[in-house]
Amino acid sequence: MVEKQQKIWMDGKLINWEDATVHVLTHTLHYGLGVFEGVRAYELADGGSAIFRHVEHAERLLRSCHIMGMTCPYSAQEIMTATTDLLKANHLKHAYIRPLIFLGDGAMGLQAQNDTRTTIIAWPWGTYLGEDGVKNGIRAKISSYTRHHVNVTLSKAKTCGNYVNSILAKREALACGYEEALLLDPQGFVVEGTGENIFIARNGKVKTPPLSNSVLEGITRDAIITILKDNGIEVEETLFTRDEVYTADELFMTGTAAEVTPIRELDDRSIGTGKPGPITKKVQQVFFDILAGKEPKYAEWLDRYEV
C-alpha cells in the first residue's frame with residue numbers, strides 16, 4: 001500500500017493529500033491518454049538527500065507529452081522545483097516520486113481536447129522486486145503477451161495506457177509462480193520486462209536490446225551502460241532471442257523501481273550458475289555507491305536537496 005503523506009503537488013500548488021482528487025469523467029481515466037515518470041530520491045551517506053538523474057526524468061516527461069500531442073503548462077525546471085518542494089514539505093529524505101500529466105474532465109470521446117492537468121506524488125517505497133531479489137535474483141518467464149509494435153502505441157513515450165500490456169504480463173507471471181515476465185516483440189526478439197530494461201552477459205561482454213526496438217529509453221538503462229563502459233566492459237545494443245538468453249552467463253534488469261535486479265532463472269532454466277554473476281555484482285556495487293553519493297565521478301547525476 002502507498003504510505004499516506006501530508007502533501008501532493010497538483011496544478012501548481014501543494015495541497016493536502018486528501019484533497020488531491022479528480023472527477024470520474026476525467027478523460028485519462030477512461031481512455032488512458034496520460035504520461036508519467038518514476039523517479040527516486042535517496043538518502044546519501046553524508047546525511048543529505050538527492051534525486052537521481054532529476055533533469056533526465058523531467059525532460060523525458062515533457063518528451064512523452066510532446067510525442068502524445070499533449071501540452072504541459074510547466075517547464076522541466078518548474079517540474080523539478082515542484083518535486084523538491086514536495087519532498088521538503090513531506091520531510092522525505094528518500095522517496096519514490098510519481099509525476100503524472102493527464103487530461104481532465106469536460107468533454108468525452110476520443111477527440112476531446114480537455115485541459116491538461118499535472119500532479120506529483122511522493123512516498124517511501126522499497127525495492128520493487130524485493131531485497132532478496134536484488135541480492136539473490138528472481139525467477140521470470142517469457143510472457144504469452146507480445147510487446148507493442150513500434151507503430152502501435154509509440155513506445156518511446158511513457159504513456160499510461162501502454163502499461164495495460166505490462167499489467168497483463170505481470171499478472172500472468174505471478175499467477176504462474178514467477179516474480180516477473182520478459183516480453184518479446186512481434187518478431188520474437190526479447191524486448192524488456194513489464195517495467196524494466198534487460199541486459200545479458202556472456203563471455204565477459206554485455207548485450208541489451210536497441211532503442212530502435214519497442215524499448216523505453218530507460219534512464220537507469222543509460223546509467224548502467226555508462227557504468228559498464230567506464231569499467232571496461234563491452235556493451236552491444238542489438239537484437240537477441242530467448243534461446244540466447246537461456247544460454248547467457250548472466251541476466252539482469254534495470255529501472256527506477258527495480259534498480260538493478262538479477263534474474264537467476266528464466267522459463268525454469270537456470271541462468272549461468274543460478275546466482276548473480278561478477279558483472280551483475282560489479283554493476284550493482286557501483287550503482288548503489290552512486291546512489292549513496294560515494295562515487296564523485298557521477299556526482300552530476302545527483303540533484304541534492306535538504307529536508
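Which side chains meet in a salt bridge at 2.8 Å, N to O? The side chains of Arg117 and Asp11 do, a salt bridge being a side-chain nitrogen of Lys or Arg within 4 Å of a carboxyl oxygen of Asp or Glu. The pair links distant parts of the chain, 106 residues apart: Arg117 belongs to strand β7 (residues 116-123), and Asp11 to the loop between β1 (7-10) and β2 (13-16).

The structure is a predicted model, in which local features need pLDDT of at least 70 and side-chain atom pairs count only at pLDDT 80 or more, while totals for chains, interfaces and linings use all residues. Residues are numbered from 1 along each chain as its sequence is written, and side-chain values use heavy atoms, with hydrogens and water left out.

The secondary structure of the chain consists of eight helices and 17 strands; helices (H or I, at least four residues) and strands (E, at least two) are DSSP runs, numbered from the N terminus. The chain is as compact as a globular protein of its length, because its radius of gyration is 19 Å, close to the 19 Å that the globule rule gives for 307 residues. The radius is taken over C-alpha atoms, and the rule is 2.2 Å times the number of residues to the power 0.38. Along the principal axes, the C-alpha atoms fill a box of roughly 55 × 50 × 30 Å. Of the 307 residues, 53% count as buried, where buried means under 20% relative accessible area, exposed over 50%, and partly exposed in between (1.4 Å probe, protein chains only). Among contacts (heavy atoms within 4.5 Å) with a separation of 6 or more, residues 24 or more positions apart account for 72%.

Helix α5 (residues 163-175) has 13 residues and spans 18 Å from its first C-alpha to its last, close to the 18 Å expected at 1.5 Å a residue; the expected span is 1.5 Å times one less than the number of residues. Asn165, Ser166, Ala169, Lys170, Glu172 and Ala173 of α5 are buried. They lie on the same side of α5 because they cover an arc of only 160° around the axis, the arc being that of the directions from the helix axis to the C-beta atoms. An α-helix has 3.6 residues a turn, so residues three or four places apart point the same way. Arg171 and Ala175, on the other side of α5, are exposed. The buried residues of α5 pack against β8 (138-146) and β9 (180-184). One of them, Glu172, has a relative accessibility of 18% and touches Lys141, Ser143, Ser144 and Tyr145, not counting residues up to four places away in sequence. After α5 comes Gly177, whose phi is positive, near 95°.

The count of salt bridges comes to 16. In the pair described at the outset, Arg117 is partly exposed at 22% relative accessible area, and Asp11 is partly exposed at 31%. Lys205 forms a salt bridge with Glu234, with the closest N and O atoms 3.9 Å apart. Lys205 lies in strand β12 (residues 205-208) and Glu234 in the loop between α6 (219-230) and β13 (235-237), so the pair ties together parts 29 residues apart in sequence. The side chains of Glu237 and Arg221 meet in a salt bridge at 2.6 Å, N to O. Glu237 lies in strand β13 and Arg221 in helix α6, so this pair joins parts 16 residues apart in sequence. Glu237 is partly exposed at 40%, whereas Arg221 is buried at 4% relative accessibility. Salt bridges that share partners join Arg53, Glu56 and Asp222 into one network.
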